[in-house]
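Okay, thanks for making time, everyone. Let me put the structure up, and then I'll talk you through it.

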Amino acid sequence: MSLSIGIIGLPNVGKSTLFNALLKKQIADASNYPFCTIAPNKGVVEVPDERLKVLAKISKSEKIVPAVVEFVDIAGLVKGASKGEGLGNKFLANIREVNAICHVVRFFNDTSIAHVSTEIRPSSDAELINMELILADLQTLEKKNAPKGRASKEELIMWEAIKVLKDELYKGKMAIDVNLSKEQSELIKELCLLTMKPIIYVANIDEEHIAEFNVNESNFPFTPVIPICAKMEAELAELSEEEQKEYLEQAGLKEPGLNRLIKLAYQTLGLISFLTTGEKETRAWTISQGTNAREAAGVIHTDFSKSFIKAAVISYDEFIQTGGWLEAKNTGKIRFEGSDYLMKEGDVVEFKVGC
């Protein structure tokens, strides 16, 4: 399955700088002007996974194919975006296309970089953007009319959900935080509400404060939040792997912000990876938690789901310990699971399918 994350925030909070760093190339225009990003920039980033190199070495794979995430750099939103201010309507439409939102909030002080309200107030800045998303969703909901005549069961359930959502959004609540039934949640998906998308807050911090940042002491009311110095990430992108390790050690960090952001995105969206390995390739596949073996096989190829027979499964750690498929089979470490088996993070799998 594909995963796309939209990067949003006020103008000049570091969105394009972060985007450039994530992609390791200067695609977006990170100039110091509001609305410098007129069209959304898209780029695909590999998901860091050291397990793939280890598996590929054991299997003597010809190539490695990591999972990927598409990042979308969406131009800065401003107050009034829900009414079209600052090209707001166009940018809000771009947000509807992504799976999750990466909301960059400015925590750093730099007088050379303009701020739309002159003061650095992270909580207020985040609230402003969230309110614009809420107002945009209310516009969507207000356009919906009560079902007339002999309405279907689904239409009635949808209308009840719309009424609940309108009441809660007018109170300032995000749609994702509204208590809906399972049926209501499924039906409401077709509206593509902005505030129904999971949000990860990125606290863009000064380099000297990145290692000591404490979420609980920041008085920032939104979660989940991850501290990243976009400027540092941009500098890291220009270094070799060895130089990056040295840079991070000096900064008191264990890994780049990209790794932490993608891990948090997977966690927030309830995603896991299963692995396949052989002489042809070693590859990571992204699925949702709770995906069964038949559905996982369908991720590789739709026909695999239809002709599924069974799945040969072994954990990553056991695969490494035994030294490959043949050794795992000879030592009885491989399990043969049926279609209802729920896939686990790090499962190494070989699907058996019919013709």
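I'll start with a cysteine: C229 is buried, at a relative accessible area of 5%. One quick caution is that this is a predicted model. Another cysteine, C102, is buried as well, with a relative accessible area of 0%. C192 is partly exposed, at 35%. If you're wondering about disulfides, the structure holds 0 of them.

You'll find C192 in the loop between α6, residues 182-188, and β6. K60 has a positive phi too, about 55 degrees, and again it's not a glycine. That lysine lies in the loop between α2 (51-59) and β3 (63-65), and K60 is exposed, with a relative accessible area of 70%. As background, most residues other than glycine have a negative phi, and most peptide bonds are trans. On the peptide bond side, the one from T223 to P224 is cis, with omega near -10 degrees. P224 has its place in the loop between β6 and β7.

Now, the sheet. What order do the strands come in? Reading across, you get β2-β4-β1-β5-β6-β7, an open sheet of 6 strands with mixed pairing. The edge strands are β2 (41-46) and β7 (225-228), and each of them pairs on one side only. On average, neighbouring strands here are turned by 25 degrees against each other, ignoring direction.

Looking inside the sheet, β1, residues 4-8, runs parallel to β5, residues 100-106, and 4 bridges join them.

Is α1 mostly buried or exposed? Well, 8 of its 9 residues are buried, so the helix is largely enclosed by the rest of the structure. Those are K15, S16, L18, F19, N20, A21, L22 and L23.

S16 counts as buried, since its relative accessibility is 8% and the cut-off for buried is under 20%. The S16 side chain makes a polar contact with the side chain of D73, at 2.8 Å. And just after α1 there's K24, which takes a positive phi of about 60 degrees.

There's another helix to show you: α4, residues 122-142, lies across β1, β5 and β6, running at about 145 degrees to β5.

Last topic, the nonpolar cores. The largest has 78 residues, and the members touching the most other members are F71, L165, I188 and L261. Which element gives the most to this core? That's α4, with 7 residues.

Setting aside neighbours within four places in sequence, its contacts include I5 and I7, F19 and L22, plus V45, L258, L261 and I262. F71 also contacts N41, K42 and G43. Then there's a second, separate core of 14 residues, and I272, A296, A297 and V349 are among them.

That's what I had, so over to you.

Note on methods. Residues numbered from 1 in each chain as written. Predicted model: local features only at pLDDT ≥ 70, side-chain atom pairs only at ≥ 80, totals over all residues. Heavy atoms only, no water. Pairing = 2+ DSSP bridges. Helix = DSSP H or I, 4+ residues; strand = E, 2+ residues; numbered from the N terminus. Axes fitted to C-alpha atoms, helices over the stretch in contact; angles between N-to-C directions. Contact = heavy atoms within 4.5 Å. Disulfide = S-S within 2.5 Å. Buried < 20%, exposed > 50% of the residue type's maximum accessible area, 1.4 Å probe, protein only. Polar contact = N/O pair within 3.5 Å; in protein donor to acceptor, adjacent residues only side chain to side chain. Core = buried A, V, L, I, M, F, W, Y, C linked by side-chain atoms within 4.5 Å.
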